[in-house]
Amino acid sequence: MKAKSLRWGTLIGNLLGFSFCTRSLVHGATTPRELIFVVVFSVLAFLVINGFCGVLIEFLDSTRNNHPPRWARFIALMIPRQHREHLLGDLEEEFYTVLVPEFGNFTAKLWYWWQVLASVSSLFWSEVRNVLGTALFWRITR
Amino acid sequence: VCDRSLTVIRDIYYIVSMQRRRNKPHDPVGEFETLVLMAVLRLRDDSYGMRIHREIEDRAGRRCSLGALYTTLERLEKKGYVSSRVGESTPERGGRAKKYFKLQARGASALREAYSATMKMAHGIEPLLGAAQ
């Protein structure tokens, strides 16, 4: 309940702040290109800052539930499909059987976040490197 | 003419590299690959992602992400050094299955070679290390 009200408060606060800033910037825009830039930038900034707020609030509320962080699970969707099931299974097993009983919810969640981000970066970049390497090879030899 | 010659060169390169790969007994293994192969060998029937990860951290003191470990295991599987099978799923894993790895003969041979090379290079190095400090 506390987290939910915090979440709504942040959302409304951000919305008001961004609409106020966007309105003043829109009035200052002189060309249509500037206008589009201001609107697109404001929407993106709103989404990013709300995402960060959501993660922060989830952390503040971490003592209440002992489940892996929802946003980390969402980011884990970037892990290639052939590894995802086994990797997430391993993480959850470690989370529930070792980390939560021994170190508590907060540390367990921090650990889960770290593992997901490190895994996503290494697996994602290895895939990107493979695709770029193949594309470059075909581009040179074609 | 240029395009065609480049295509021919590419095809020849592909055939030669495939042939060389087939003739070679095994590729050399890197440092982290050696650690992973040793962990798989040690854990025998219980070698799945998290156990291998813990074994490497506990014994070698080497920190790595699970993603990096799975990438290495996939590379070793492609080389034919390890094989994998999908195991059972448990409630604490959220119903997700484990993936077990097993060392193959090619992997054992590559590991033996890497180990013997390290041992040969390490022979008599202790006093020199002490002197260097």
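## Basis of the description

This is a predicted model, in which local features need pLDDT of at least 70 and side-chain atom pairs count only at pLDDT 80 or more, while totals for chains, interfaces and linings use all residues. Residues are numbered from 1 along each chain as its sequence is written, chains are lettered from A and ligands numbered from 1 in the order in which they are written, and side-chain values use heavy atoms, with hydrogens and water left out.

## Chain B and its helix 4

Chain B has six helices and two strands, where helices (H or I, at least four residues) and strands (E, at least two) are DSSP runs numbered from the N terminus. Along the sequence these elements follow the pattern α-α-α-α-β-β-α-α. Of the 133 residues in chain B, 35% are buried, a term that means under 20% relative accessible area, with exposed meaning over 50% and partly exposed in between (1.4 Å probe, protein chains only). Among the contacts in chain B with a separation of 6 or more, 53% come from residues 24 or more positions apart, a contact being heavy atoms within 4.5 Å.

Helix 4 of chain B covers residues 66–79, and its 14 residues reach 20 Å from the first C-alpha to the last, close to the 20 Å expected at 1.5 Å a residue; the expected span is 1.5 Å times one less than the number of residues. The buried residues of this helix include B:Leu66, B:Leu69, B:Tyr70, B:Leu73 and B:Leu76, and B:Lys79 is also one of them. Just after helix 4 of chain B comes B:Gly80, which takes a positive phi of about 85°.

## Aromatic pairs

The rings of A:Trp71 and A:Phe74 are edge-to-face, because their centres are 6.3 Å apart and their planes stand at 80°. Both residues lie in helix 3 (residues 70–75) of chain A, three residues apart, about one turn of the helix. A:Trp71 is partly exposed at 29% relative accessible area, whereas A:Phe74, at 55%, counts as exposed.

The rings of A:Phe95 and A:Tyr96 have centres 5.3 Å apart and planes at 85°, so this pair is edge-to-face. A:Phe95 is buried, with 0% relative accessibility, while A:Tyr96 is partly exposed at 26%. A:Phe95, A:Tyr96 and A:Tyr112 form one aromatic cluster.

## Where chains A and B meet

The contact takes 27 residues from chain A and 25 residues from chain B. About 2,200 Å² is buried between the two chains, and carbon and sulfur atoms give 55% of this; buried area is the accessible area (1.4 Å probe) that two parts lose on being put together, summed over both. A:His86, A:Asp90 and A:Glu93 supply 27% of the area that chain A buries against chain B, more than any other three residues.

The rule finds four salt bridges across the interface of chain A and chain B, each a side-chain nitrogen of Lys or Arg within 4 Å of a carboxyl oxygen of Asp or Glu. The side chains of A:Asp90 and B:Arg93 meet in a salt bridge at 2.8 Å, N to O. Helix 4 (81–103) and helix 5 (105–141) of chain A each supply at least two residues of the side of chain A that touches chain B, and helix 4 of chain A gives the largest share of that side, 15 residues.

Terms used. Rings of Phe, Tyr and Trp (its six-membered ring) pair if their centres lie within 6.5 Å; planes under 30 degrees apart count as stacked, over 60 as edge-to-face and the rest as tilted.
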